[in-house]
Amino acid sequence: MSARASAFRHTARPVVLAAAVGGALLVLTACQDPTAQAEAQAAAQAQAGEAAADKAAVEFDAAFAAENWPLAKAHGDLILARHPDTAAAARIAPLHEQAGARAEAIREDKRLAGLWTYNVEPVTGGTQLSAAIYTRDRVDSDGSGAKPVRLIFRDHPSWGRSSYLVMEAGDFDCYGACRVAVTVDSAAPVRMAANRPDTDEAIAMFIDDERALWRMLDGAKALSVEYPVKAGGTRTAVFEVGGLDRARLAGWK
């Protein structure tokens, strides 16, 4: 090796070493930059969130396709609460709204159906059938405090079909005969004949045209009956009748 080559070799080594050290320092400085670290961490979290949201969206899509609206809403609730800024959340948002509305409709249908009670009872001469529902709000009929009022449709083998209100306190001012105002939803009130039988077995008032009253319930959401009371004036009983299962009294038309 010539003296010139040897001199160049010894001179180049410090330059290369200095460049390498400088590059390492730059990398180390970048790695220790708080802003860069925060950006990298945020990107990783966003990526993980998108992946988690996509996974949850698969379950949401399956429930939605199966028309399991309560389950779809529950999956959608989790996605929108935990991963609100993801692409999956944006995609399912309008579908989640639809599922929520349908789930609420199902809950409301079940609530309304649960307001009715049905009874099948063996009696002399055959079987008694009945469908009954309590008022939406309690009614104070005599100043002793608000109490529930019950509407009953009954089919008895000997007594025939009847519809009547039953109070727990007070009394109807309808002995002999009276007329009550019956309203379905927002329709105009209909005056119907009624009577309070002279009996102590129950505080009951019969609505004479039970068939007409039964037909009025078909498709109705609310039924209200305004009736006179012995304490003075009238009271109004409101019933949420939309959950009636008409098949339970199949002979009524």
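Helix α2 goes past helix α3 in a left-handed crossing, meaning the near helix is turned anticlockwise from the far one by less than a right angle. This is a predicted model, so local features need pLDDT of at least 70 and side-chain atom pairs pLDDT 80 or more, while totals for chains, interfaces and linings use all residues. Residues are numbered from 1 along each chain as its sequence is written, and side-chain values use heavy atoms, without hydrogens or water.

α2 covers residues 34-65 and α3 residues 69-82; they pack at about 165 degrees with axes 8 Å apart. Axes here are lines fitted to C-alpha atoms over the stretch in contact, with angles from 0 to 180 degrees between N-to-C directions. That makes the two helices roughly antiparallel (an angle over 145 degrees).

The contact residues split into 10 nonpolar, 2 polar and 1 charged.

Now for the strands. Strand β3 has 7 of its 8 residues buried, so the rest of the structure largely encloses it (buried: under 20% relative accessible area, 1.4 Å probe, protein chains only). Its pairings (at least two DSSP bridges between two strands) look like this:

| Pair | Sense | Bridges |
|---|---|---|
| β2 (residues 126-134) and β3 | antiparallel | 6 bridges |
| β3 and β4 (residues 160-167) | antiparallel | 8 bridges |

Ser 130 sits opposite Arg 154 of β3, and Leu 151 has Leu 165 in β4 as its bridge partner. β3 and β4 make a hairpin, with 3 residues between them.

Note on methods. Buried < 20%, exposed > 50% of the residue type's maximum accessible area, 1.4 Å probe, protein only. Helix = DSSP H or I, 4+ residues; strand = E, 2+ residues; numbered from the N terminus. Parallel < 35°, antiparallel > 145°, perpendicular 65-115°, else oblique. Nonpolar A, V, L, I, M, F, W, Y, C, P; charged D, E, K, R; others polar.
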